[in-house]
Amino acid sequence: MAANVYECMFILDSSKVAGNLDAADKQIRATLEKHNAEVLVGRLWDERKFAYPIKKQKKGIYYLTYFSSEGKNLVPIENDFSLNETILRLMILKIHPKLVETMLKLATGEHAAAL
């Protein structure tokens, strides 16, 4: 079975990350690799205030990750992330195969932080 490419947007608790984004990145990568997913790109997207509180937090760090995995691995991945107290919310989207190359180039490009 062929692996699909997924985009995952995490909202991290900025009070728990507290300037140590590398540790949060390592946790995310370790969880994905535990479930046989290959991390293609992982980067900071933004930090901002919420329109309404999420788990009693008023602001958070948005972290974008692209990974390849089989679809059967998504439920265990989401279950493990739900147990991580650093992650307030997450959303996983399947990327259409025709868009994978373009999305990865945008995520790794020099102007990626400006998007």
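Tutor: With pairing. Two strands count as paired if DSSP finds at least two bridges between them. Keep in mind that this model is predicted.

Student: In what order do the four strands form the open sheet?

Tutor: The order is β2-β3-β1-β4, with antiparallel pairing. β2 and β4 (87-94) stand at the edges with a single partner strand each, so one side of each lacks a neighbour in the sheet. From one strand to the next, the twist averages 20°.

Student: How many bridges join β2 to β3?

Tutor: Strands pair through backbone hydrogen bonds, parallel or antiparallel. Here, 11 bridges join β2 (residues 38-54) to β3 (residues 57-69). K49 has K59 in β3 as its bridge partner. The two strands form a hairpin with two residues between them. In that turn, K55 has a positive phi of about 50°.

Student: And what joins β1 to β3?

Tutor: 10 bridges, with β1 (residues 4-13) antiparallel to β3. C8 stands opposite T65 in β3.

Student: Which strands does α2 touch?

Tutor: α2 packs on the sheet against β1, β2 and β3, its direction at about 40° to that of β3. Helix α4 (residues 100-108) lies across β1, β2 and β3, at about 70° to β2.

Student: At what angle do α2 and α3 pack?

Tutor: About 145°, for α2 (residues 21-34) and α3 (residues 74-82), with axes 9 Å apart. The crossing is right-handed. I28, T31, L32 and K34 in α2 meet I77, D80 and F81 in α3. These contact residues divide into four nonpolar, one polar and two charged.

Notes. Residues numbered from 1 in each chain as written. Predicted model: local features only at pLDDT ≥ 70, side-chain atom pairs only at ≥ 80, totals over all residues. Heavy atoms only, no water. Axes fitted to C-alpha atoms, helices over the stretch in contact; angles between N-to-C directions. Left-handed = near helix turned anticlockwise from the far one by under 90°. Contact = heavy atoms within 4.5 Å. Nonpolar A, V, L, I, M, F, W, Y, C, P; charged D, E, K, R; others polar.
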